[in-house]
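This report describes the fold of a single protein, with attention to its sheet and to one pair of helices. Please examine the entry below before reading on.

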Amino acid sequence: SPHEIEARTKGVPWPGSGLVYPVPESMLLYDPFEFPDYWPRVYGVDFGWNHPGFLFMAHDRDNNCLYFYAENSVPERTPEQHARALASFGIDWMPGVYDPAGKGSQQGDGKKPLSLYRQAGFNNLHKANNSKEEGILKVLQMMQAGQIKICTTLIKTRSELRKYARDEDGIPNKKDDHLMDCMRYIVMSGLSVAIPKNFTSQQYHGMYSNSAPGYF
């Protein structure tokens, strides 16, 4: 398999068998570069106290290629602490697609995580399509087509990717998969809401209402 070749020739670790995304890591990686301002952006959110996840993506629409360029997964932070840490990432204007399960559980004060995140400054959050197997298949197809790129600096995302495997029943492991979930939310739901800075969703998507199939 492609990932076995990388494991043997380059020492890239892998879990042995059953990888969810059996794609050579070398096909996915890119070195950091400055994106054009007109590339739309979006981020995925996996709510959680012990294992939160935030993954940021810029979309090269001309080539329908997704560039994942930033990550954050610091545990045991409140929504306000996350908002302060991610303020420079653009969460005040950039759309985010979130884990639908994250909005339902109540906190001790009776408030739901989604409302707390919005109050903290995550101003543009949208519910993601959480169809897991469909999403995994779409991500895999885009990886194989060279349409998903992961920055070399995303250490945690790359680590999750290497360990993301199926159990003996074919079910993807639920441990250490939070950034993988964020990637899936973006592929399934993020492209339809992504916008460049200084655009509203209505302004930007109105320009592309007749886009060719495949972008959204």
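Where is A101 found? A101 is found in the loop between β5 and α4 (113-120). With a relative accessibility of 55%, A101 counts as exposed, the term for residues over 50% relative accessible area, whereas buried means under 20% and partly exposed lies in between (1.4 Å probe, protein chains only). A101 and K127 are 26 residues apart along the chain, and 9.5 Å separates their C-alpha atoms.

**Basis of the description**

The model is predicted, and local features need pLDDT of at least 70, side-chain atom pairs count only at pLDDT 80 or more, and totals for chains, interfaces and linings use all residues. Residues are numbered from 1 along each chain as its sequence is written, and side-chain values use heavy atoms, with hydrogens and water left out.

**Overall composition**

The protein contains 8 helices and 7 strands; these are DSSP runs numbered from the N terminus, helices being H or I of at least four residues and strands E of at least two. Of the 216 residues, 49% are buried. A contact means heavy atoms within 4.5 Å. Among contacts between residues at least 6 apart in sequence, 67% join residues at least 24 apart.

**The sheet**

Strands of a sheet pair through backbone hydrogen bonds, either parallel or antiparallel. Here two strands are taken to pair if DSSP finds at least two bridges between them. The 7 strands form an open sheet with mixed pairing, in the order β1-β7-β4-β3-β2-β5-β6. β1 (29-30) and β6 (125-127) stand at the edges with a single partner strand each, so one side of each has no neighbour in the sheet.

| Strand pair | Sense | Bridges |
|---|---|---|
| β2 (residues 41-46) and β3 | antiparallel | 6 bridges |
| β3 and β4 (residues 65-72) | antiparallel | 7 bridges |
| β2 and β5 (residues 96-98) | parallel | 3 bridges |

β2 and β3 are joined by a hairpin through 6 residues. In this pairing G44 stands opposite L55 of β3, and the bridge partner of Y43 in β3 is F56. On the β5 side, V45 has Y98 as its bridge partner. F54 is bridged to N72 in β4.

In a regular strand the side chains alternate between the two faces of the sheet. In β3 (residues 53-60), 8 of 8 residues are buried: G53, L55, M57 and H59 point one way, and F54, F56, A58 and D60 the other. β2 is likewise mostly covered, with 6 of its 6 residues buried. R41, Y43 and V45 lie on one side of β2, and V42, G44 and D46 on the other.

**Helices α6 and α7**

Two packed helices are described by the angle between their axes and the distance between the axes. The axes of α6 (residues 155-163) and α7 (residues 178-190) come within 8 Å and cross at roughly 95 degrees. α6 is therefore roughly perpendicular to α7, a label given to angles of 65 to 115 degrees, with those under 35 counted as roughly parallel, those over 145 as roughly antiparallel and the rest as oblique. Axes are lines fitted to C-alpha atoms, for helices over the stretch in contact, and angles run from 0 to 180 degrees between N-to-C directions.

At this contact K156, T157, E160 and L161 of α6 meet H178, L179, M180 and M183 of α7. By class, the contact has 4 nonpolar, 2 polar and 2 charged residues, where Ala, Val, Leu, Ile, Met, Phe, Trp, Tyr, Cys and Pro count as nonpolar, Asp, Glu, Lys and Arg as charged, and the others, Gly among them, as polar.

T157 lies in α6 and counts as buried because its relative accessibility is 0%. Leaving aside residues up to four places away in sequence, T157 touches L55, E71, I150, L179, M180 and M183. α7 itself lies across β2, β3, β4, β5, β6 and β7 (148-151), and runs at about 135 degrees to β2.
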